[in-house]
Amino acid sequence: MAVRRRRALLVWAAVAVVAGALLVVGLAGHGTALGRPAPALPRVALVGPAVTLDTLLGRRGGPSGVAKHGHQRPGTSGSAGGGHAALVLFWASWCEPCQHEAPAVERFAQSAVGRGRIVGVDYGESDGTGPRGFLRSYRWSFPNLSDPDAQAGEAYGVTNLPNIFVIDARGRIAAVLRGPQTEQSLTRALAAARS
């Protein structure tokens, strides 16, 4: 009886240590990014239309945040009119956790909550064949941009993949989701950014 109890206690202690480590890893870097204006998105579309922060956030364009050719000026939060929260997902075709979460991301993008609220950014891949194959394989239907030199990722503070930045309607980083997500966790993150 005592051996069984000790074994159960050891198992629970191990679970607590692993859960704590995952929490620390998942929250690493949150304090530095939260609340600051979201950097500009890359300008090159990998699949679908090129997307700016203003268009992703559903804000009416205006001179305050949009430069020539409709691209978001770095460090600006765009116009004040309207808007909603959205997600910026950094991924790569070679990333196994990205492959794991890919079906859930597409379900989210197709849902009533997620439609038009997410853009993918292929991080650091200069050859487009791998990323395009990834997008075909998982049938992602939402816009995806290319960040071959990882400049946008560095500006956002990407530390591992996948990284999802939750952007509030004001164009500020409201949360950072590190590691694979589920359709439910994406829905919760978007809802929290609206409140």
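A disulfide is a covalent bond between the sulfur atoms of two cysteines. In practice, we call two cysteines a disulfide when their sulfur atoms are within 2.5 Å. Keep that in mind as we walk through this structure, which is a predicted model.

Let's start with the overall layout. The protein chain has seven helices and six strands. Reading from the N terminus, the elements go α-α-β-α-β-α-β-α-β-α-β-β-α. Of the 195 residues in the chain, 45% are buried. If you take the contacts with a separation of 6 or more, 70% of them link residues 24 or more positions apart.

Now for the inside. The largest nonpolar core holds 47 residues, and those with the most contacts within it are Leu41, Val88, Phe90, Trp140, Tyr156 and Phe165. Strand S2, residues 86–91, is the biggest giver to this core, with six residues. Take Phe90 as an example. Even if you set aside its neighbours within four places in sequence, Phe90 touches a whole list of residues, including Val121, Tyr123, Ala152, Tyr156, Leu161 and Phe165.

Back to the disulfide. Where is it? Searching the whole structure turns up one, and it joins Cys95 and Cys98, whose sulfur atoms are 2.4 Å apart. The torsion about their S-S bond is about 80°, so this disulfide is right-handed. Cys95 comes in at 3% and Cys98 at 1%, so both are buried.

Cys98 also brings us to helix H4, as one of the buried residues there. H4 covers residues 96–110, and its 15 residues should span 21 Å at 1.5 Å a residue; the end C-alpha atoms are 22 Å apart, which agrees. The helix does have a bend, though: about 45° at Ala102, with a proline, Pro103, following within four residues.

Which way do helix residues point? An α-helix has 3.6 residues a turn, so residues three or four places apart point the same way. With that in mind, look at the buried residues of H4: Cys98, Glu101, Ala102, Ala104, Val105, Glu106, Phe108 and Ala109. These buried residues pack against S2, strand S3 (118–123), helix H5 (129–138), strand S5 (163–167) and helix H7 (183–194).

Conventions:
Residues are numbered from 1 along each chain as its sequence is written. This is a predicted model: local features need pLDDT of at least 70, side-chain atom pairs count only at pLDDT 80 or more; totals for chains, interfaces and linings use all residues. Side-chain values use heavy atoms; hydrogens and water are left out. Buried means under 20% relative accessible area, exposed over 50%, partly exposed in between (1.4 Å probe, protein chains only). A nonpolar core is a set of buried Ala, Val, Leu, Ile, Met, Phe, Trp, Tyr and Cys residues joined through side-chain atoms within 4.5 Å. Helices (H or I, at least four residues) and strands (E, at least two) are DSSP runs, numbered from the N terminus. Contact means heavy atoms within 4.5 Å. The expected span of a helix is 1.5 Å times one less than its number of residues. The bend at a residue is the angle between axes fitted to the seven residues ending there and the seven starting there.
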